Amino acid sequence: MLERFFGLAENGTDIRREVLAGLTTFLTMAYIVVVNPSILSDTGMDWGAVFVATCLAAALGSLIMGLYANYPFGLAPGMGLNAYFTYGVVLGMGIAWQTALGAVFLSGILFLIISVLPIREWLINAIPMSLKMSISAGIGFFLAIIALKNAGVVVNSDATLVTLGDLTTPSTLLAMLGFVIMVALSYRKIPGAVLIGILAVSILGVPFGVAEFDGVISLPPDPSPTFMQMDIAGAMELGLVSVVLVFLFVDLFDSTGTLVGLSHRAGFLDKDGRIGRLRNALVADSGASIGGAVLGTSTTTTYIESAAGVNAGGRTGLTAVVIAGLFLLSLFFLPLVSAIPGYATAPALLFVACMMVRGLAELDWDDITDTAPAVVTAIAMPLTYSIADGMGLGFITYVLGKTLAGKPGQVHIAVWLIAALFVLRFAFIH
């Protein structure tokens, strides 16, 4: 049955290889069940409920990807988008987390519509590659400053905005050690490098009195504090249009870029560089975001860590189904997960940030009208502490820079519209 449904032999794989690939990918992205609740709980959301929502959203998304799109990719609440949800929307704009969940839900609906209709190609092709790369890099920088703050490496300063923290405290030293461990293990291509780093420094923190453990296995906590709590009506207010658009655009660009990159690595691209079942994969991605909002978590998206499973031989949706099963199994390990301290998840954020910044290397540095807006986008996100503001400044700079340079024809009408929306946001709503 598995052979017929997934086409194992046709894709040059077998059940054993697919299961191993699923386990490999899960180990590389399992950190999200620790990090996502830690980030979203800063909004006041219940930690245990978010933990359940994270596991279920990841399982749902991976299952749809496996059964509907037949691709070996895992999904989970996206890093960067969860930071924007917490620090940009809820804490930064003073919006209730229920309303922010409503914005995630609406962006998922729009994403689903775009995935089914030809609008997808129009939007994706309209946004210049330089801005796509800079959005990813900017989110990386945004994650980095959050990580350094949580680790105590960077602290507030009235004189210089930020300054160096006390590097002699045990929690800060352990956070720095955790990051180095992740870098070293990743370089050696050891699966689960991020998760191993988190667990290692968490255990080392026990003798220093900065971490404690109360068990390993238990029944899943009550999901009701976040389940079906999204405020859709509140998210439809004029002031939140840009928030919905940010969730939509970042998820759309990130998902498309991730899918193209993973498909290239797995050999799924055709001779023209296109993905055969891109619509199915994007429908799976958008459906997971809708389901995640209902469950009570930020935007769910395809994980680049799926490359680990692809390298291990994963070629069909059976790999994704295995990933889904392992996320469901994670529901019963709350005591172990909830004992992970903040200083242990901070290096994971910083590590992911380093991976995301690499997009800047792909810019055409010979064209200042491309690179200047990209750099503005990337550095404005952490400095304004807002992904939305960074995107807005980048789009506006791109449109005006190209126009004044005598190259308005290079600006797609969709980019003009997006820039105009951000101008209205800054002028009347911000």
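In this talk, a residue is called buried when its relative accessible area is under 20%, exposed when it is over 50%, and partly exposed in between, using a 1.4 Å probe and protein chains only. By that rule lysine 402 is buried, because its relative accessibility is 0%.

Good morning. The structure before you is a predicted model, in which local features need pLDDT of at least 70 and side-chain atom pairs count only at pLDDT 80 or more, while totals for chains, interfaces and linings use all residues. Residues are numbered from 1 along each chain as its sequence is written, and side-chain values use heavy atoms, with hydrogens and water left out.

I begin with the charged side chains. Side chains of opposite charge can pair when their charged atoms come close. Here a salt bridge means a side-chain nitrogen of Lys or Arg within 4 Å of a carboxyl oxygen of Asp or Glu. How many salt bridges does a search of the whole structure find? The search finds 3.

One of them joins lysine 402 to aspartate 367, at 3.6 Å from N to O. Lysine 402 belongs to helix 19 (residues 387–404), whereas aspartate 367 sits in the loop between helix 17 (342–356) and helix 18 (368–384), 35 residues away. Helices and strands here are DSSP runs, numbered from the N terminus: helices are H or I with at least four residues, and strands are E with at least two. Aspartate 367 counts as buried because its relative accessible area is 16%.

Aspartate 367 also forms a salt bridge with lysine 407, at 3.3 Å from N to O. This pair, too, links distant parts of the chain, 40 residues apart, with lysine 407 in the loop between helix 19 and helix 20 (413–429). Is lysine 407 buried or partly exposed? With a relative accessible area of 23%, lysine 407 is partly exposed.

Lysine 402 has a further salt bridge, to aspartate 370, where the closest N and O atoms are 3.3 Å apart. Since lysine 402 is in helix 19 and aspartate 370 in helix 18, the pair ties together parts that are 32 residues apart in sequence. Both residues of this pair are buried. Taken together, Asp367, Asp370, Lys402 and Lys407 form a network of salt bridges.

I turn now to the nonpolar side chains. In soluble globular proteins, nonpolar side chains tend to be buried together. A nonpolar core is a set of buried Ala, Val, Leu, Ile, Met, Phe, Trp, Tyr and Cys residues joined through side-chain atoms within 4.5 Å. Which residues of the largest core touch the most other members? Of its 121 residues, they are Met79, Phe85, Met391 and Phe395. Helix 12 (residues 241–266) gives the most to this core, with 13 residues. Contact means heavy atoms within 4.5 Å. Leaving aside neighbours within four places in sequence, methionine 391 is in contact with several residues, including Val246, Phe249 and Phe422. Another core, of 6 residues, lies apart from the largest one, and Met133 and Leu360 are among its members.

Next, helix 2, residues 15–29. The expected span of a helix is 1.5 Å times one less than its number of residues. For the 15 residues of helix 2 that gives 21 Å, which agrees with the 21 Å between its end C-alpha atoms. Its buried residues include Glu18, Ala21, Phe26 and Met29. The buried residues of helix 2 pack against helix 3 (32–40), strand 1 (75–77), helix 14 (306–311) and helix 15 (317–330). At the start of helix 2, a side-chain oxygen of aspartate 14 comes within 3.3 Å of the backbone nitrogen of arginine 16.

Two single residues follow. Isoleucine 64 is placed in helix 4 (residues 47–69), and is partly exposed, with a relative accessible area of 25%. Leaving aside neighbours within four places in sequence, isoleucine 64 is in contact with Ala69 and Ala284. Tryptophan 122 lies in helix 7 (residues 119–126), and counts as partly exposed at 40% relative accessibility. Not counting residues up to four places away in sequence, tryptophan 122 touches His412, Ile413 and Ala414.

Finally, the cysteines. Cysteine 55 counts as buried, at 0% relative accessibility, whereas cysteine 354 counts as partly exposed, at 39%. Thank you.

Terms used
Polar contact = N/O pair within 3.5 Å; in protein donor to acceptor, adjacent residues only side chain to side chain.
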